[in-house]
Amino acid sequence: MTAPTKPMPPMPVPMSDTPEPAGEALHSSVIAWFDANARDLPWRRTDAGPWGVMVSEFMLQQTPVSRVLPVYEQWIARWPRPADLAKEAPGEAVRAWGRLGYPRRALRLHGAAVAITERHGGDVPAKHAQLLALPGIGEYTAAAVASFAYGQRHAVLDTNVRRVFARAVTGVQYPPNATTAAERKLARALLPEDEHTASRWAAASMELGALVCTAKNENCARCPIAQQCAWQAAGKPAHQGPARRGQTYAGTDRQVRGKLLAVLREAVAPVPQATLDRVWDEPVQRARALDGLVADGLVEPLPEGLYRLPLT
């Protein structure tokens, strides 16, 4: 007699195919956790306003909160409204950006401030389409500002949210390296219908990924949806996709660019080429990094081999 076959364990069911109450249970659990555990961050306070939210969103891209906090506070104290920043030369935005990294974000934020001043009377627009039309603002930032500053209903997909959805709903350890159409569809399917709940869900799921469902050493014991998590139910299988891209810094052009910009940020007058040459011994890489800064509009070359942060 043939022995009975062992039944296969049930496969995780994508949340978009589950009954609506399952989605509601996720919302209520994560939002309740957020209400009790959310960090007190300055851009979440009422007095931050839409401009404070926008500044934080630019700064937080690929940069941890601990590094952003002091620069954010100084930035808002100096430029409390978009018009205050728009009056300054773009090089001042680069100077104030300090060592946050990816300094083109400073130029983009300055460009957005100029556009807000010229097109919207100095007030950050509330409409998603108007936000998306600002220079330097993509789909994520437009959705984040509309949601966090104005309480609107938008799917806000950053790295933390994508990781939470990948684990809790799709049952895999990590999301794809780049955001996919399937992820966007899932985010829309999970979005609560009520605007206020949707904006809270966006902030709460992001905070859950930042504090609990982290890329490494996730703390499932603290997770409010651990019992509903498809990845945990499947035994937390290891990542099977392409290798995760690690970020290196030492010895890269990014490091050289940072050293060159540091000299220019500290200078009160244009800097001669000889001074910049001292920051890095390898001349080819140094020249390539400087050329890249000029091409990106972060450095302005002057006659007689002088350089400065951009004035226009």
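Colleague: Why is Asp47 called exposed?

Modeller: In this predicted model, Asp47 has a relative accessible area of 69%. The word exposed applies to values over 50%, so Asp47 is exposed. Asp47 belongs to the loop between α1 (20-37) and α2.

Colleague: How far apart are Asp47 and Gly251, in sequence and in space?

Modeller: In sequence, 204 residues separate Asp47 from Gly251, and their C-alpha atoms are 42 Å apart in space.

Colleague: What makes Tyr102 partly exposed?

Modeller: The relative accessible area of Tyr102 is 25%. Buried would require a value under 20%, and exposed a value over 50%; Tyr102 falls in between and is therefore partly exposed. Tyr102 sits in the loop between α5 (90-97) and α6 (104-120). Its phi is near 45°, a positive value in a residue other than glycine.

Colleague: Asn217 also has a positive phi. Why does Asn217 count as exposed?

Modeller: Its relative accessibility is 73%, and the threshold for exposed is over 50%, so Asn217 counts as exposed. The phi of Asn217 is near 55°, and this residue is not a glycine. Asn217 is found in the loop between α11 (195-211) and α12 (230-233).

Colleague: What makes α9 largely enclosed by the rest of the structure?

Modeller: Of the 12 residues of α9, 10 are buried, so the helix is largely enclosed. Each of those residues has a relative accessible area under 20%. Among them are Asn160, Arg162, Arg163, Phe165, Arg167 and Val169.

Colleague: What is found at the start of α9, and which residue follows α9?

Modeller: At the start, a side-chain oxygen of Asp158 comes to within 3.1 Å of the backbone nitrogen of Asn160. The polar-contact limit is 3.5 Å, and this pair lies inside that limit. After α9 comes Gly171, with a positive phi near 85°.

Colleague: How do you know that α9 is roughly perpendicular to α10?

Modeller: The axes of α9 (residues 159-170) and α10 (residues 181-190) cross at roughly 80° and come within 11 Å. Roughly perpendicular covers 65 to 115 degrees, so the term applies to α9 and α10.

Colleague: Which residues of α9 and α10 meet?

Modeller: From α9, Arg162, Phe165, Val169 and Thr170 meet Glu183, Leu186, Ala187 and Leu190 of α10. This contact divides into 5 nonpolar, 1 polar and 2 charged residues.

Colleague: At what angle do α2 and α8 pack, and what is the hand of their crossing?

Modeller: Helix α2 (residues 49-60) and helix α8 (residues 139-150) pack at about 145°, and their axes are 9 Å apart. The crossing of these two helices is right-handed.

Colleague: Which residues bring α2 and α8 together, and how do they divide?

Modeller: Pro50, Val53, Met54, Glu57 and Phe58 of α2 are in contact with a set of residues in α8, including Tyr140, Ala144, Val145 and Phe148. The contact comprises 10 nonpolar residues, 1 polar and 1 charged. An α-helix has 3.6 residues a turn, so residues three or four places apart point the same way.

Colleague: How many helices and strands does the protein have, and what share of its residues is buried?

Modeller: The protein has 15 helices and 3 strands. Of its 312 residues, 42% are buried. Its C-alpha atoms fill a box of roughly 90 × 50 × 30 Å along the principal axes. Among contacts with a separation of 6 or more, 63% join residues 24 or more positions apart.

Key. Residues numbered from 1 in each chain as written. Predicted model: local features only at pLDDT ≥ 70, side-chain atom pairs only at ≥ 80, totals over all residues. Heavy atoms only, no water. Axes fitted to C-alpha atoms, helices over the stretch in contact; angles between N-to-C directions. Helix = DSSP H or I, 4+ residues; strand = E, 2+ residues; numbered from the N terminus. Left-handed = near helix turned anticlockwise from the far one by under 90°. Contact = heavy atoms within 4.5 Å. Nonpolar A, V, L, I, M, F, W, Y, C, P; charged D, E, K, R; others polar. Buried < 20%, exposed > 50% of the residue type's maximum accessible area, 1.4 Å probe, protein only. Parallel < 35°, antiparallel > 145°, perpendicular 65-115°, else oblique. Polar contact = N/O pair within 3.5 Å; in protein donor to acceptor, adjacent residues only side chain to side chain.
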